[in-house]
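Here is a quick tour for anyone meeting this structure for the first time. Take a look at it, then read on.

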Amino acid sequence: MRSQFLIDSRAPSIEMLTWICGKPVFALQRGTIYIVALFATSCVFCPKALADLGRLQETYRDMGVEAFGVAARELAATADEARARVETWLNKKLPNSTIPLPSSIQVK
C-alpha cells in the first residue's frame with residue numbers, strides 16, 4: 001500500500017528528527033506557512049538554495065512563514081557518522097545558517 005500525503009492530510013510527526021542547528025520545530029502550528037527544503041551534502045546547488053531560504057524566512061517571518069531544511073539520507077555505518085558528515089558539510093558550506101536544520105539519517 002502506498003502512503004499518500006494530500007491537501008488537508010495531517011502532517012507526519014517531526015519529533016523523531018535529530019536537529020543539527022537552529023531552533024527545533026517540535027510541532028507544526030495552524031496558521032503558519034512551513035517551507036521544507038530537502039538537501040543533500042553531494043548537491044552543488046543546495047548551499048545557495050538553503051542560504052536563499054534563510055533570507056526568505058527572515059523577510060517573511062513576521063507574516064507567519066517558517067522554513068527548515070532536511071538533510072537527505074546520508075549513507076554511513078552509524079547514525080553518528082552520518083550526522084557528523086552533515087554537520088561538517090553545514091559548517092563548511094553554511095557556517096551562519098539561520099534556519100533550523102534537522103537531519104534525517106539512514107544507517108547503512
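Let's start with Glu-81, which sits in helix H2, covering residues 79–93. Helices here are DSSP runs of H or I with at least four residues, strands are E runs of at least two, and both are numbered from the N terminus. Glu-81 counts as partly exposed because its relative accessible area is 35%; buried would be under 20% and exposed over 50%, with a 1.4 Å probe and protein chains only. Its side chain makes a polar contact of 2.8 Å with the side chain of Arg-85. That term stands for a pair of N or O atoms within 3.5 Å; within protein, one must be able to donate a hydrogen and the other to accept it, and residues adjacent in sequence count only if both atoms are side-chain atoms.

## How to read the numbers

This is a predicted model, where local features need pLDDT of at least 70 and side-chain atom pairs count only at pLDDT 80 or more, while totals for chains, interfaces and linings use all residues. Residues are numbered from 1 along each chain as its sequence is written, and side-chain values use heavy atoms, leaving out hydrogens and water.

## The whole chain

Zooming out, the protein chain has two helices and six strands. Read from the N terminus, the order is β-β-α-β-β-α-β-β. The chain has 108 residues, and 30% of them are buried.

What share of contacts between residues at least 6 apart in sequence join residues at least 24 apart? It's 75%, with contact meaning heavy atoms within 4.5 Å.

## Gln-57, tucked away

Gln-57 counts as buried because its relative accessibility is 0%. Its side chain reaches the backbone nitrogen of Ala-67 at 2.6 Å. Setting aside neighbours within four places in sequence, Gln-57 is in contact with residues including Val-65, Glu-66, Thr-98 and Pro-100.

## A loop residue

Thr-32 belongs to the loop between strand S1 (18–21) and strand S2 (33–39). With a relative accessible area of 25%, Thr-32 is partly exposed. Which residues does Thr-32 touch, not counting those up to four places away in sequence? They are Gly-64 and Glu-66. Thr-32 and Glu-66 are 34 residues apart in sequence, and their C-alpha atoms are 7.1 Å apart in space.
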